[in-house]
Amino acid sequence: MSMREMTYGEAVKEAMAEEMRRDPTVFLMGEDVGKAGTVFKVLLGLHDEFGDDRVIDTPIAEAGLVGLGVGAALTGSRPIVDIMFGDFIALAMDQIVNQAAKLRYMSGGQAIVPITIRSTMGAGRSSAAQHSQSLHAWLAHIPGLKVAIPSTPADAKGLFKTAVRDDNPVVIYEDKMMYALKGMVPTEEDYTIPFGQAHIKREGDDVTLIATSSMVHVALDAADALAEQGISAEVLDPRTLVPLDRETLIESVVKTTRAVIIDEGYKSFGITGEIASTVYNGAFDYIDAPIVRLGAMDVPVPFSKPLEDATIPTPEDVIKAVQDMKIIHR
Amino acid sequence: MSLPSEILIKMYRAMLRIRRFEEQIWEVYTGGLMHGLAHLYIGEEAVAVGVCAALRDDDFITSTHRGHGHCVAKGGNLEAMMAEVMGRVTGHCRGKGGSMHIADMSVGILGANGIVGGGFGIATGAALSAQKRGTDQVAVCFFGDGASNQGIFFEVMNFAAIWKLPVIYVCENNHYGEYTPTENVTAGKSIADRSLPFGIPSTTVDGSDAIAVYEATAAAVERARKGDGATLIECDTYRYRGHHVGDPGEGYRSKEEIESWMAKDPIQLLRTKIMDDNIASGAELDAEEREVEKEMENALEAAKAAPYPDVEEVNQHVYA
């Protein structure tokens, strides 16, 4: 497979450009996606290639924007709708939850709604409580939606292309702290990653670190440090929350007998709870230590840097959780 | 402008079909064969029929919780509609949608909607899709006076205006949002005025007059197909029955008010016009009525005989 090094942001743009070249019914719309290439500048150049007709600046009106996307998807187009900050999805929830997610079911299978909603997540930019949240659990809760949450440039490209080709509404979250992250990315035009396949980012035997999005890198950093202490950590990334590859998560914990789950969504009622319950049920007879859940602190994301940093799981938190398991090699 | 006689007869028949369908729903519901909610369209028939008579099969509509009339008028199948509201597997949506979610994609019915204002985004997006795909299809969004106070109404008018989208917003102002008089909760002189700041032309028509509704819609359709953009049509109308079957519709509405609207019944108005213009005789129109009656009986019998969906279907159609 031919590969090229690129950033996470470039991988997203390449995925989008390839899909737009492949399928004339694909178009992108959102606030500042045109000449500006989004506020994060990651789509610079896309407008030059595809023009106003297919890379479309919209009013700041998230409900209408997603609503138009749903109607277009229902009638033969495959829109990509850009919601600048994941927090703003709150403004479009009726369109996503009551319309996009349910139209196929309510119509008895007549409708398809091939809309891709891309948005951002993640704290760490001192952007405070309304520009920093990771709300992917909200959407993973709703039957009819798929939710993808890539952690690397290669996954970002492969999952994005799958999202555009999927006949269901897909919400794909990019952590805005990862746009500059570099990695090797396949360049084949038909490179896609099937949904529902967790990826082992690092193999290990003593404990499984199940992590999503940027928390995968927190887990990998922790695994490096743990290795120096003689503890072998496996790092597993579900990559999509819906569908969730429960089998691979369970298999890994059956092997390692321990798990720490790390996600940047609020800890309470979040993804980590769902995954912990999955692992407890599937690997109960093998588990040697209580499963640990690490998530964003249950507070609005604060502005001041020391406060903000205190709300996000760190490698040190992961290391401490594993150390507290008092792993003894026999 | 005088309309071709076949359009008038077609509209008359469509209104009869809606009236008879809704009367049948009342019986089915009160007879215990239908559960949930049933919002009847009786009295408003001229709006759905006047609008849809000006559309093609491949044009789109979005409908509302009070949507049976729109679906009948756009070409929904009576038997599949009746089966749907009774939760049978032969329904348009295999019993998964029910009265508030009837959809028939084959004739452009993108779905009734249980969210007040739920069709605004979808219809405007369907118009965007038509524009992007290079067709001359138009999309009609039916909505009530109540939905005119939802924020997304203003968002989509802005989108429709900046991109000149082929969409027609048809407001059915029946003067009550559920039980609340519209004027108590709605600012401004008229709902039609609300599109004007966006540069979207609007018109107000007598929603009991199918011909007036047809003519207003035909003009809007022509404008949309030419690429000149959206139109708002406010139809002055009234529901004879309550908000839903369980609401007698009285108390918050005076007897005099209800009777004044029934005195200008949309079906009678068109019947009189057809007979006055010697397009068809009373006997011929009575024959139409008997045919509709027969069609309705067949639909009801078929729906009653149809099975419920297998429970195994419950988790089908969540994903494509």
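**Exercise 1. Find where B:Ile168 sits in chain B, and decide whether B:Ile168 is buried or exposed.**

Step 1: B:Ile168 belongs to strand β3 of chain B, residues 167–173. Strands here are DSSP runs of E with at least two residues, while helices are runs of H or I with at least four, and both are numbered from the N terminus.

Before going on, a word on the model: it is predicted, so local features need pLDDT of at least 70 and side-chain atom pairs count only at pLDDT 80 or more, while totals for chains, interfaces and linings use all residues. Residues are numbered from 1 along each chain as its sequence is written, and chains are lettered from A and ligands numbered from 1 in the order in which they are written.

Step 2: count neighbours. B:Ile168 has 30 other C-beta atoms within 10 Å, so B:Ile168 is buried. (Buried means 20 or more other C-beta atoms within 10 Å of the residue's own, exposed means 12 or fewer, and partly exposed lies in between; C-beta atoms are placed from the backbone.)

Step 3: list the partners. Skip the neighbours within four places in sequence, and the contacts of B:Ile168 include B:Val138, B:Val140, B:Thr217 and B:Ile233. (Contact means that two C-beta atoms, placed from the backbone, lie within 7 Å.)

Step 4: B:Ile168 and B:Asp247 are 79 residues apart in sequence, and their C-alpha atoms are 31 Å apart in space.

**Exercise 2. Work out how α3 of chain A and α5 of chain B cross, and which kinds of residue make their contact.**

Step 1: get the distance and angle. The axes of α3(A), residues 62–74, and α5(B) come within 6 Å and cross at roughly 60°. (Axes are lines fitted to C-alpha atoms, for helices over the stretch in contact, and angles run from 0 to 180 degrees between N-to-C directions.)

Step 2: name the arrangement. That angle makes α3(A) oblique to α5(B). (Under 35 degrees is roughly parallel, over 145 roughly antiparallel, 65 to 115 roughly perpendicular, and the rest oblique.)

Step 3: The α3(A) and α5(B) crossing is right-handed. (Right-handed means the near helix is turned clockwise from the far one by less than a right angle; left-handed means anticlockwise.)

Step 4: sort the residues. Among those making the contact are A:Gly64, A:Gly67 and A:Val70 of α3(A), and B:Gly121, B:Ala123 and B:Leu128 of α5(B). The contact divides into 10 nonpolar, 8 polar and no charged residues. (Ala, Val, Leu, Ile, Met, Phe, Trp, Tyr, Cys and Pro count as nonpolar, Asp, Glu, Lys and Arg as charged, and the others, Gly among them, as polar.)

Step 5: zoom out. In total, 35 residues of chain B are in contact with 34 residues of chain A. On chain B's side, α5 (119–133) and α6 (151–163) each supply at least two residues, and α5(B) gives the largest share, 11 residues. That side of chain B divides into 17 nonpolar, 13 polar and 5 charged residues.

**Exercise 3. Which loop holds A:Thr38, and is A:Thr38 buried or exposed?**

Step 1: A:Thr38 is in the loop between β2 (26–30) and α2 (46–54) of chain A.

Step 2: A:Thr38 has 23 C-beta neighbours inside 10 Å, so A:Thr38 counts as buried.

Step 3: check the backbone. Phi of A:Thr38 is near 75°, which is positive in a residue other than glycine.
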